[in-house]
Amino acid sequence: MPGRLRHRPGGVAGRRHHSAGPHDHRVRDGTLRYGSHVNVDVTPLPGIGVRKDFAIRGGRRVGVISHRDGNLELIVSEADDPDTTVASLALTADEAATLGNLLGTPQLVAQLSEEHKDLPGINTRQLPVTEGSPFDGRTLGETELRSRSRVSVVAVMRAGQIQPAPEPGFTLTGGDMLVAVGTKDGLDTAARILAKG
Amino acid sequence: MNAEHTALVLVELGAVFFGLGLLGRLAQKIGMSPIPFYLLGGLAFGDGGLVQLGGIDEFTDIAAEIGVVLLLLMLGLEYTANELFTGLRRSWVAGVLDIVLNATPGAAVALLMGWGWVGALAMGGVTYISSSGVIAKILNDLGRIGNRETPVILSLLVFEDLVMAAYLPVLTAVLGGTALLAGATTIGVSLLVVTLVLVVAARYGRYVSAVLYSENKEIFLLKLLGAALLVAGVAESMHISAAVGAFLLGIAIAGPAAHSAARLLEPLRDLFAAAFFVLFGLTTDPRDIPPVLLWALALAAVTTLTKAYTGWWAAKRSGIGTVGRARAAAGLIARGEFSIIIAGLAVAAGVGDSSPGAGDSQLAALAATYVLLMAGFGPIAARLVEPVVRKARRSPAPQATP
């Protein structure tokens, strides 16, 4: 709710961000922290919605405008003038979720692979639930992945958010990205099951 | 009403709306707000215009009233009560500067024209209030919603809207011309009611939404429109002005109900608001314009600069760079619907007539010309400011880009 955020209008340049612990998602002076490296500025846009953006290393700002009617817009600022947006792309909820997963899942997989690198034979892979998948709209339990391919689904990426350790009752939808751990053959089988049933 | 009369009314109304449609299309083609075109359309017909229209006065009078109610209802829908309060807290310094800089020129001209304090109060409002409709469209069309100066512009607009909620009942009371004590009581009562409604809307807005909301579009539209006219009528009978009643109702409606309400009402608002602008043009005699033209031009020039300075200052205060400041400055210039609403209230009360009761309002002519200029120039300024500023920055400083 934009009105609740304590934030000065204008996404003030050069403002110091409070330090916060990793994975601290609380709003603090309109600054959200994702992970431990990026400060996201949250700016209410009265009558329009909320803008959430952050400066990337090159100096540009990248972010999202959540319109009040639920539409999302991806914004990118100009290189030499961070006040100006050069690109704004309207995305549907599905498109935004897919983009979020494309950007977010590799890090999670890389992180898991890193943790498993001392255990030969164990692989981590991202498995997409496509729009036309037979499990679009059904639960994770119904896929019977565990018994049919012996892989474990350790997380589901949806709309850029990580859902860790999903329960069998977790309902899948098209655009979800499952992060699965298993043997190479098992993961191949699991991918086939998700695509064809 | 006999058949012949009905036929005439239908033909005239049809011609008016069709003409407005063509004007609107022209405006869209050249990337301008349709408001000045509607005003011109109204000026061309009616008193002292090219063609006299008779017989549709009754309809246009009511339609214009509904237009005002819908304009304010939609304005209220745009912001939640919480957004208004945070807007007030955050941008009151810039907001006060905005009032001082932009209301003063209008008030001064009204005093010079001999329209008295009441005229000064009205003209101050006309030159003060930016057009949130025109400005929102500019931001959208030019893809500036993601820009960093945009929240500065928006919070100034929010502040102005809040000022309107207090200003309109005061203006209505003063225009009512009641005795000082009674006038003060009316103002006190209306301000109290406005504050009370705002606080209640902030806390219990969801109940209002729940009562009005319906999944069915048709039912929702009827309930919404019915409630708006009821509240507006009750407010008017309490001398708070129908417009404020509708505005407060709009604020009280929140959440998903507000979005679908805005979507449902938009075409209706466009229709009736067009009728409102035309009626204002109709009641303005174009022959009154030449004597006030120089004043209008002077006001336009001065308030362009004062509004631009307000935007520049507010953007600078929020740490925005030069180009962004210039965009905020030019983006706020446009005046439109609310200036005309204020002028309409004053004209209806007979302020600015050359002699009492003459009904030939010079104030109407001045306000119409002023809004013609500002609603026309505002979007152009917003569009041109960026290339102009960049060019100006580039030529004396060639190191900027290769």
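Over all chains, the structure holds 18 salt bridges, a salt bridge being a side-chain nitrogen of Lys or Arg within 4 Å of a carboxyl oxygen of Asp or Glu. This is a predicted model, in which local features need pLDDT of at least 70 and side-chain atom pairs count only at pLDDT 80 or more, whereas totals for chains, interfaces and linings use all residues. Residues are numbered from 1 along each chain as its sequence is written, chains are lettered from A and ligands numbered from 1 in the order in which they are written, and side-chain values use heavy atoms, with hydrogens and water left out.

**View 1. The salt bridge of Arg158(A) and Asp176(A).** The closest N and O atoms of this pair are 2.7 Å apart. Arg158(A) lies in strand S8 (residues 152–158) and Asp176(A) in the loop between strands S9 (161–164) and S10 (177–182) of chain A, so the pair ties together parts that are 18 residues apart in sequence; strands here are DSSP runs (E, at least two residues) and helices are runs of H or I with at least four, numbered from the N terminus. Asp176(A) is buried at 2% relative accessibility, while Arg158(A) is partly exposed at 29% (buried means under 20% relative accessible area, exposed over 50%, partly exposed in between, with a 1.4 Å probe and protein chains only).

**View 2. The salt bridge of Glu160(B) and Lys307(B).** The side chains of these residues meet at 2.6 Å, N to O, and the pair links helix H7 with helix H12 of chain B across 147 residues. Glu160(B) is buried with a relative accessible area of 1%, and Lys307(B) is buried at 0%.

**View 3. Helix H7 of chain B.** Helix H7 (residues 150–175) reaches 36 Å from its first C-alpha to its last, close to the 38 Å expected at 1.5 Å a residue, where the expected span is 1.5 Å times one less than the number of residues. Of its 26 residues, 23 are buried, so the helix is largely enclosed by the rest of the structure.
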